[in-house]
Amino acid sequence: MIVVTGATGTVGARVVEGLRERGEAVRAVVRPGSKGLAEWGDDVERAEADFADPAALDAALAGADTVYLLVAVHPEMAAHERNVIDAAVRTGRRPRIVLHAAAGVEQRPEGVRFVGAHVAGLDHLRASGLPWTVVAPNGFHQNFLGMAEAVRAGALAVPGGAGAVSYVDARDVAAAAVEVLAGAGHEGAVYTLTGPEALTHGELAERLAAVVDRPVTYTAVPPEQALAGMLAAGWQPWRAEGMVELYGLYAAGHASAVSPDVAGLTGRPPRSFAEFAAEHAAAFRG
Ligand SMILES: NC(=O)c1ccc[n+]([C@@H]2O[C@H](COP(=O)([O-])OP(=O)(O)OC[C@H]3O[C@@H](n4cnc5c(N)ncnc54)[C@H](OP(=O)(O)O)[C@@H]3O)[C@@H](O)[C@H]2O)c1
């Protein structure tokens, strides 16, 4: 039995679907009352558990052989990863944990909370004695759908400086994860999942402009101005500060490495940003 947490999300829903298509026994863990339930058939078991509820996690992980551990971005995300790992230990079955982390987790960057939470989760996992594998994706192409309104107005304005980022498509992340989950022999591996090339945000804006067939101009917003803008737009401070930290990592060029791991795991090259943009032209064009 493969148990998938975060199962209604951008990556998790595709992981569940990929495992189901391969005929794997899969249990999707959803938050109680989740509205995002995908339309899975009877061949996908469901369990309800909040990451903050150890008893519910015990029930959700019962009988697990493998766990895809994906938690949402949240101030308690490190504790959430620990809670799932502890519940896996309590099963007494030594399930294999495939930790969905973030690119850079092995470099342990200081002051980048979204990555730091996964560093803490991985440390806890190593100490647990459970067999483990890490998939560590770079930023997702799909994040740009959240900026579609600005792109429609001709602007890509983020605090990304002049650093290049090897953004990856969430579908390729899920496909790579499915290979790890359904396969064997990945113990102790950390797979860094990136797209096929690193592009600056200026180059990403050019790719978007080509798709919408009108100018899209990148503005490298100063970090303090970006933070003020997010707070004014109603972002929670913890998340807004985390975004600025992450873009600082990008601006410094620390997310520019291109990894062969998507192709190595799936047997096909990862999708490019231009392909993603073209597929979502309607959203970016308006
Ligand atoms: N976005 C990126 O560019 C990027 C890049 C690298 C790594 N990551 C990592 O990827 C992860 C996020 O993946 P994603 O974008 O696929 O997630 P997502 O789309 O935000 O989905 C989050 C999932 O977690 C569930 N969830 C939220 N809070 C929960 C709780 N308290 N208890 C149980 N389930 C809960 C959600 O269920 P509901 O249906 O109830 O909402 C949903 O299924 C994070 O760990 C992040 O650090 C993201």
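User: A polar contact is a pair of N or O atoms within 3.5 Å; within protein, one must be able to donate a hydrogen and the other to accept it. In this predicted model, with which side chain does the side chain of H201 make a polar contact?
Analyst: H201 belongs to helix 7, residues 201-212. Its contacts beyond four places in sequence include F144, L156, V158, Y167 and Y250. At a distance of 2.8 Å, the side chain that makes the polar contact with that of H201 is Y167.

User: Is H201 buried or exposed?
Analyst: Buried means a relative accessible area under 20%. For H201 the relative accessibility is 0%, so the residue counts as buried.

User: Which residue supplies the backbone oxygen that the side chain of T133 reaches?
Analyst: T133 is part of strand 6, residues 132-137, and is buried because its relative accessible area is 0%. Leaving aside neighbours within four places in sequence, T133 is in contact with R96, I97, V98 and L99, as well as V180, H186, E187, G188, A189 and Y191. The backbone oxygen reached by the T133 side chain, at 2.8 Å, is that of H186.

User: What distance separates the C-alpha atoms of V15 and Y68?
Analyst: V15 lies in helix 1, residues 12-21, and is buried at 0% relative accessible area. Beyond four places in sequence, V15 touches Y68 along with V4, A174, A177, V178 and L181. Although V15 and Y68 are 53 residues apart along the chain, the separation of their C-alpha atoms is 8.8 Å.

User: How far apart are the end C-alpha atoms of helix 3, and why does this agree with its length?
Analyst: Helix 3 runs over residues 77-90 and has 14 residues. At 1.5 Å a residue it should span 20 Å, which agrees with the separation of its end C-alpha atoms, namely 20 Å.

User: What phi does R94 have?
Analyst: Helix 3 is followed by G92, with a positive phi near 75°. R94 lies in the loop between helix 3 and strand 5. Most residues other than glycine have a negative phi. R94 is not a glycine, yet its phi is positive, about 50°.

User: Is D213 buried or exposed?
Analyst: D213 sits in the loop between helix 7 and strand 11 and, although not a glycine, has a positive phi of about 65°. The cut-off for an exposed residue is over 50% relative accessible area. At 69% relative accessibility, D213 therefore counts as exposed.

User: What share of the ligand's area does the protein bury?
Analyst: Oxygen atoms of the ligand are 2.8 Å from an N or O atom in the side chain of R31, 2.8 Å from a polar side-chain atom of H100 and 2.9 Å from a polar backbone atom of F140. Taken alone, the ligand exposes 920 Å², of which the protein buries 82%.

User: Which residues come nearest to the ligand?
Analyst: The shell around the ligand divides into 13 nonpolar, 10 polar and two charged residues. Of the 25 residues around the ligand, those that come nearest are T8, S34, V71, H118 and N143.

Notes:
Residues numbered from 1 in each chain as written. Predicted model: local features only at pLDDT ≥ 70, side-chain atom pairs only at ≥ 80, totals over all residues. Heavy atoms only, no water. Helix = DSSP H or I, 4+ residues; strand = E, 2+ residues; numbered from the N terminus. Expected span 1.5 Å × (residues − 1). Buried < 20%, exposed > 50% of the residue type's maximum accessible area, 1.4 Å probe, protein only. Contact = heavy atoms within 4.5 Å. Near = heavy atom within 4 Å. Areas by Shrake-Rupley, 256 points an atom, 1.4 Å probe, with all protein chains shown as cover. Nonpolar A, V, L, I, M, F, W, Y, C, P; charged D, E, K, R; others polar.
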